[in-house]
4 protein chains.
Amino acid sequence: MTDRTIGVGMVGYAFMGRVHSQAWRNVTAFFDLPVTPAMRVICGRSEKAAEAAAARMGWAGFTTDWRELIRRDDVQIVDVCTPGDSHAEIAIAALEAGKHVLCEKPLANTVAEAERMAEAAALATGRSMVGFNYRRVPALALARRMVAAGELGEIRHVRAVYLQDWIMDPELPLVWRLRKDKAGSGALGDIGAHIIDVAQFVSGQDIVGVSGLTETFIKERPGGRVTVDDAALFIGRMSGGATASFEATRLAGGRKNALRIELNGSLGSLSFDFEAMNELWVSKGGGGFTRVLVTEPEHPYAGAWWPPGHGLGYEHTFTHEIKDFLEAIGNGTDPSPSFADGLRVQRVLEAVERSDGAYTEIL
Amino acid sequence: MTDRTIGVGMVGYAFMGRVHSQAWRNVTAFFDLPVTPAMRVICGRSEKAAEAAAARMGWAGFTTDWRELIRRDDVQIVDVCTPGDSHAEIAIAALEAGKHVLCEKPLANTVAEAERMAEAAALATGRSMVGFNYRRVPALALARRMVAAGELGEIRHVRAVYLQDWIMDPELPLVWRLRKDKAGSGALGDIGAHIIDVAQFVSGQDIVGVSGLTETFIKERPGGRVTVDDAALFIGRMSGGATASFEATRLAGGRKNALRIELNGSLGSLSFDFEAMNELWVSKGGGGFTRVLVTEPEHPYAGAWWPPGHGLGYEHTFTHEIKDFLEAIGNGTDPSPSFADGLRVQRVLEAVERSDGAYTEIL
Amino acid sequence: MTDRTIGVGMVGYAFMGRVHSQAWRNVTAFFDLPVTPAMRVICGRSEKAAEAAAARMGWAGFTTDWRELIRRDDVQIVDVCTPGDSHAEIAIAALEAGKHVLCEKPLANTVAEAERMAEAAALATGRSMVGFNYRRVPALALARRMVAAGELGEIRHVRAVYLQDWIMDPELPLVWRLRKDKAGSGALGDIGAHIIDVAQFVSGQDIVGVSGLTETFIKERPGGRVTVDDAALFIGRMSGGATASFEATRLAGGRKNALRIELNGSLGSLSFDFEAMNELWVSKGGGGFTRVLVTEPEHPYAGAWWPPGHGLGYEHTFTHEIKDFLEAIGNGTDPSPSFADGLRVQRVLEAVERSDGAYTEIL
Amino acid sequence: MTDRTIGVGMVGYAFMGRVHSQAWRNVTAFFDLPVTPAMRVICGRSEKAAEAAAARMGWAGFTTDWRELIRRDDVQIVDVCTPGDSHAEIAIAALEAGKHVLCEKPLANTVAEAERMAEAAALATGRSMVGFNYRRVPALALARRMVAAGELGEIRHVRAVYLQDWIMDPELPLVWRLRKDKAGSGALGDIGAHIIDVAQFVSGQDIVGVSGLTETFIKERPGGRVTVDDAALFIGRMSGGATASFEATRLAGGRKNALRIELNGSLGSLSFDFEAMNELWVSKGGGGFTRVLVTEPEHPYAGAWWPPGHGLGYEHTFTHEIKDFLEAIGNGTDPSPSFADGLRVQRVLEAVERSDGAYTEIL
C-alpha cells in the first residue's frame, strides 16, 4: 500500500484550513481511492499557531515558509487555503515545482492573476483544481446528473442567490474579507463566485453576458473604510439560451448560508437551498415539487456514508472534493473544476464589477 | 340606508369579471362601509353570455354596450375588467362622465395610454384606482405596515419573482395574453406589473432605474406567432437606495402562482410567497424567520373574517380592494394605488422592455 | 327556473351561522346545481341581532322562534348552526316536519341524542347531513379519491392531530365551549370530532377500538370551573387493520388551526395540514413527498373557482358542503356524511371519554 | 500530554461501529478535552473483516475476542456497538474489569438484562453511559436548555414520532433487526427507544404510564417469520403532568429518518424533525414558529464547528456524545444518560409491549 501514498502539504490554517484538514483526515475511511493521502505538513505565518494547528488537525509537521513546503520531496500535493491575494504566487510556484495543486476559490483576486494561473496549470505536469466545494453537495451533484441526462429538457431559467447576514452589525470591524487588497471583492467574489460556479456546473451552460450592480451600504467600520461590495446582483444570458439572475449579499438578515439555486427547463424544474443541504426539490412536467432527501445509496457520494435520511453536513462537501481530486490524480485524469474554469468565473466577476448596469459580454 | 347606495357597472365578465363580481357581492357582509354597492349592470360583447353572467354573478342587468353602461344615471362606479387594450378608452370615458373608476391592471398597454388616463383621473371629479389586488393580501398589507413603522430599518434589498407555468405546454394556442396587440406585453405586463407594484408598495421606495432582459422561448404556437415575452427579468435601484431584483415568467414548471417577495433591511427581513398566501415570514435582528399566520384579529383585513388559522383565499384580495375603494369614495379621499401609481408601473415596464441589458432610468 | 327553487332557513347566527350564510349566498355562482337555494329566514334568540344578521348575511327574513321557522311552507331546508345541546331537538323536529336537515357537528352532545337523531333521519322523508366540512377541503377530497382508487395500497397507519391554542391564556373566561352542559365535551368533541371524521373518510376505515386519555390543565377560569377537557388523545385500531393515533388540544401554543393527517399505505403516503390547506403532500413507493397544490381543474371542487395556484380559504369548505348537499337533494340521493356517520363519530368520542387509558371497543 | 491519553477498544464494526469510529477519530480536532482518546483495538467476529475495519477506520489493532479486548491494560474505555442481545454480557464484563463503558442503545433486549447492567454500573469504578445519540443533536440540546430554563413554562404536551420506511418492501429479507432473538423488539426498541429518551430528556419529565399497541403488517419475509413489531404506538402520562403520544414505525413510506418531537408548554412550544436536523422551531406566547438554525456559536456544540448556517450531519451527534463521555471521565463526573436511564427506557418499552391497549404503569 506504501507505493500508493501521496504526501500533502497545506498552506493556511484558518477556516478553510480546518475544513480541508477534516476532509484529508477522513476521506480514506469512506472512499476507496487509487492513492492514499498522507498529511505531511501545514504552513502558517505564526510558528506557534502552525504547530498547534498541526497537532490538532492531524498534520505530521509544520512550517512558516510555504516555499519550503513546496520544496519537500515527500509533498506531492499542495493545498492552497490562504486569502485570494496569495493564491497566484503559491499555486504557480507549486505547479512549477511539479506538484498537484488544489486551490481555494476564488481562483485569484484579478483576471490577470487567474490567467497566469490557468497558463501555469496548462503547462504543468501536476493536476490542478479550484475548490468550488458546493459542486460536491450530493443534492447539487444529483441536480447536475439530472440536467445532463436531459430530465429537465432545455434549461431556460437559472436563478441563484447567496444570502448571508454576518456583516449586518455595523460594529463588525474591518476584517480581511472587507478589504479589497486582501479579498479582491466582497460578497461578489466570496459567495457570488460560488453561485456562478454552481449555476454553470448544474446547467451545463456558461454565462456569456451580464448586467450587474454592486453596492456598499455600510461604508465605514471600526478599523477603516470598507473597500469591497456588501452586495452584488446581476442578470444575464447563458450559452444555451437560458436567462440568468444572481444576487450575493451578506446583509440579508436571518439568512445564514442560503446558497439557493432554481432551474426551469422545458420538462421540469429543480430547486435547492444549502440551509437544507440534504434536500433537492424536483418538479417534472409542471407537477408539484418533490422533496428528495439526497441520502440514498444511488445518490452521488451519499452511498459511502450513512443510511437514508441520516444527513450530511457542510464539511462533507470538502471530503467529496478531495476524493474526486485524489481519484483524478490516481487515474491520471484532469480534475474539475479546472483552473481554466476558475478563470472563467473570474471573468464573470470582473464583468459584473465593471458593468455598472450596462450589458457586458464575457469573452 | 337607501341614500348610501351606490350603483356599480362592470365591463368584462371573464376571469377578472368573475372575481370582481364575487367581491362586489360579498363585501358588505363582512365590512361596515360608508356606502353600499348595488350591482346594477354587467357589460360583455356577447348578449347571451352577458345575460348568463349577470344571472350567475348577481348583476341586476346586462348590456353589450359599455357606453350605455356609462350613461346610466344609476351607475356611479365603473369597474373595468377588460383586456388592457381597451382600458384607456373605457376608463377615460367613464371619468369624463363623472363616474368613479376601478380599472384592472396593468393600467394600460402603453405609457402613452397610461399618461392620458392619469391626466383624466387628475381632472376628474370621480375617484379612480388601479386594481393591483395583491396589495390587499393581508400578509403583504402587514408587511407594508411593518416597513412603514420602521420595524425593518432601512430597506436595502428587494427581490421579487412571479413564477407561473401555464404556458409551458408548446401546444397551448395563441390566447390573447400571448398577443402584443391585446395584452401589450407578456409575463412582464401581466405578472411583472404585480411584483413591481407590490415591491414599491411594501418597501415605500420607487424603482428609479433598471437593466432588463426579456425572452420568448416558444416563438410559434397553434394560432400563430407569439408577439410577447415569455419571461422578463431585471435588476435596478430604488429611490431609497435599495437594490432590486425582479423576474417574471410563465415557464417555471411546477410554480403555479408563486408571487414571491423578500425584503432585507438594516433591522430585519420579510419573506412572502402567494402560494402560501396566509403566511408572512419575519426575521428581526438576524434571528431566524418566524412564520406568521396572518389571520389574527389585529392583522389587516383579517379580523373581518374567520378565527385565527382559518385562512383566506385568492378572491379575498379583491374583496379587500373593493372595500378600500368604497371607503375612499364614501370618505371623500383618494384611493390607492392611483392611476398615477399605475402610470409609474407602466414606465418601469416600458424601461424594462427597451433596456435590452442597458441601464435605463425611470423618469 | 322557479320550480327548482328550494327555501332555506338557518338556526343560529354566530360563527357557524356566518360561514354557512356565506356558502348559501355564493354556491350558485360557482356550481351548476339541480336546485337553487333561496335564503328565506334566519333564527336567533335576540330579535335585534337576528334582524341585523339577516340584513348583513343576505337572509330575506328573521325570527326568534325556530319552531316557527320549521313550520314555514317556503322553507324546505333547515340548517342547524346552534351549539350541540340543541341539535337533537331542532333537527328531529325539522325531520319530522318533512324538511331536509343540515346539522353542524358534532351531531349531538351525547350518544343517546345522536341515536335519536339517526333514527329520526332513517325514518324521515327529508335528506339529512352532518356538517363535517373538512371533508370538503379539496386536498382531503383528493386524498380520499386517491385512497379509494388504491393508489396508496393497503392503509396501515393513520395519524391525525388537531392543534389550536386559543384557550392558552388562563384569563380567557368560561365561554360556552368550556362548559360541558353546552358543548358536551372540550377539544374532544369540538375538534377531535373533525379528525375522527376526516380519518375515517379518507382512509375508508372505521375506528373499532380506542385507548384514550383526556386532561384539563386550566381548571378554573374567570366565570367558573372548566367542565370539559383541554386536550384528548387516543390510539386505536381501524376496521381495515390500520393503527390510528389522534390528539386534539387547544393548548398547543403557536398552532392556530393545525388539523393534520398523515396516512401510510403499502404503496404510498399522504400528508396534510389545514394551516396550508391548498397543499396535499404525496409520496409513492418510498419516494420523497411531492407538494401538490390542489388547485388544478381536475382536482375536486377546484375547477369551479380560480386558475391553478390561486388558492381557496376556509369558507370554501362550506360552499362545497352545501353544493354536495343540494346535489343530493336535487338528485334524490343520500348526502354524506349521514346522521348515522355522525352517530358513529359520537360513539368514538364517548369511548375516548370513558376509556381512561383502557382499550375500549366501538360497537 | 501522554498522561492524559486514554485507550479505547470498540466491540462491533457494522453501522454503529463505523459512526463511533468516526467520532473517536475526530473528537479531539474540535473539542478541548481533559483526556485524549487513543484508538487501540477493534473487535469483530471475522478476523479478516476486523482487520480491514481497523485499517479503514483508524484503529491500531484488532481482535476477534472481546474478552481479550477487555483484558488489555492499555484499554480503559470499552465501546459496545454490537446488537442488543450481547450488550449485557460485554458491558458487565467490562465494568467488572474496571473499564469505562459506552453502550449502544437500547441498553438491552430485556428489562432483566438492563437491571443487571444498571446494577453493575452502580457498583463499578468505571463510568458508564448509554448511547442515545440524538440528545446530542445541537437542536435538541438547545431544546433541553430552553425547557430547563423555563422558557416554555410548564410542559403540557409531548408528541413524538419516529418514522422510517426501510422495511416497506415485502421482499426485504429477514435481517437481524427483524428477529426478536437478536433485536429484542422491532421499531419499538430500535427507534421507539430513541424518542422515549429524547422526550424524557427534553421535557425533563419521565413517562409514568402508557397505553400501547404494536403491530406486524408483513408477517413473512424471505428468510422466515418476522418476530418483532413493524410499528408501535402509545399514549401516556408523564411525571410532570404532561400528556404524551408516541409512534414508531418502519413502514411510513417516504419518511427516511423522521425523528420528530413537539412540546407544548404554558409559555411556548418547540418542534423538531431530524430530517432537517439543523433546525429547531420555536413559538413563544402563541406567536408563530421561528425557524432557528442551530448553528450559532452560542448554541450547544455548534461553536466548535463551522460558521452559522454551515450545518452538521448525523455523525456529529456521536462526536458530541463521545466528547461529553470523555469530559465526564476526565472530570470525574457521571455521564448522562446513565445505565439507570437506559433501564428506565427499557421499562417503558416493556410496558408498551405488554399493554395491548390497557393502561400500564411504569414502576
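Visitor: How far apart do the C-alpha centres of domain 1 of chain A and domain 2 of chain A lie?

Guide: They lie 23 Å apart. Domain bounds come from an automatic or database domain assignment, and for chain A that assignment gives domain 1 (2–134) and domain 2 (137–361). Before we go on, note that this is a predicted model, where local features need pLDDT of at least 70, side-chain atom pairs count only at pLDDT 80 or more, and totals for chains, interfaces and linings use all residues. Residues are numbered from 1 along each chain as its sequence is written, while chains are lettered from A and ligands numbered from 1 in the order in which they are written.

Visitor: How many residues does the contact take from domain 1 of chain A and from domain 2 of chain A?

Guide: Two residues are in contact if their C-beta atoms, placed from the backbone, lie within 7 Å. By that rule, domain 1 of chain A contributes 39 residues and domain 2 of chain A contributes 43 residues.

Visitor: Which element gives the most to the side of domain 1 of chain A that touches domain 2 of chain A?

Guide: Elements are DSSP runs numbered from the N terminus: helices (H or I, at least four residues) and strands (E, at least two). Here α1(A) gives the most, with 8 residues. The side of domain 1 that touches domain 2 in chain A divides into 25 nonpolar, 10 polar and 4 charged residues. In this scheme Ala, Val, Leu, Ile, Met, Phe, Trp, Tyr, Cys and Pro count as nonpolar, Asp, Glu, Lys and Arg as charged, and the others, Gly among them, as polar.

Visitor: What rotation superposes chain D on chain C?

Guide: Copies are superposed by least squares on the C-alpha atoms of residues with pLDDT of at least 70 in both. A rotation of 180 degrees, with 0.0 Å of shift along its axis, brings chain D onto chain C (RMSD 0.0 Å). That is the relation of a two-fold axis. In chain D, the C-alpha nearest the axis belongs to D:A358, 2.2 Å from it. The same surface serves both copies, as 100% of the contact residues of chain D recur in chain C.

Visitor: How many residues does the contact take from chain D and from chain C?

Guide: Each of the two, chain D and chain C, gives 34 residues. On the side of chain D that touches chain C, β11(D) gives the most, with 5 residues.

Visitor: Where is the kink in α8(C) centred?

Guide: The bend at a residue is the angle between axes fitted to the seven residues ending there and the seven starting there. In α8(C) a kink of about 35 degrees is centred on C:A193. Just after α8(C), C:G204 takes a positive phi of about 70 degrees.

Visitor: Is B:Y301 buried or exposed?

Guide: A residue is buried if 20 or more other C-beta atoms lie within 10 Å of its own, exposed if 12 or fewer, and partly exposed in between, with C-beta atoms placed from the backbone. B:Y301 counts as buried because it has 22 C-beta neighbours inside 10 Å. Its phi is near 70 degrees, a positive value in a residue other than glycine. B:D356 also has a positive phi, of about 45 degrees, although it is not a glycine. With 13 other C-beta atoms within 10 Å, B:D356 is partly exposed.
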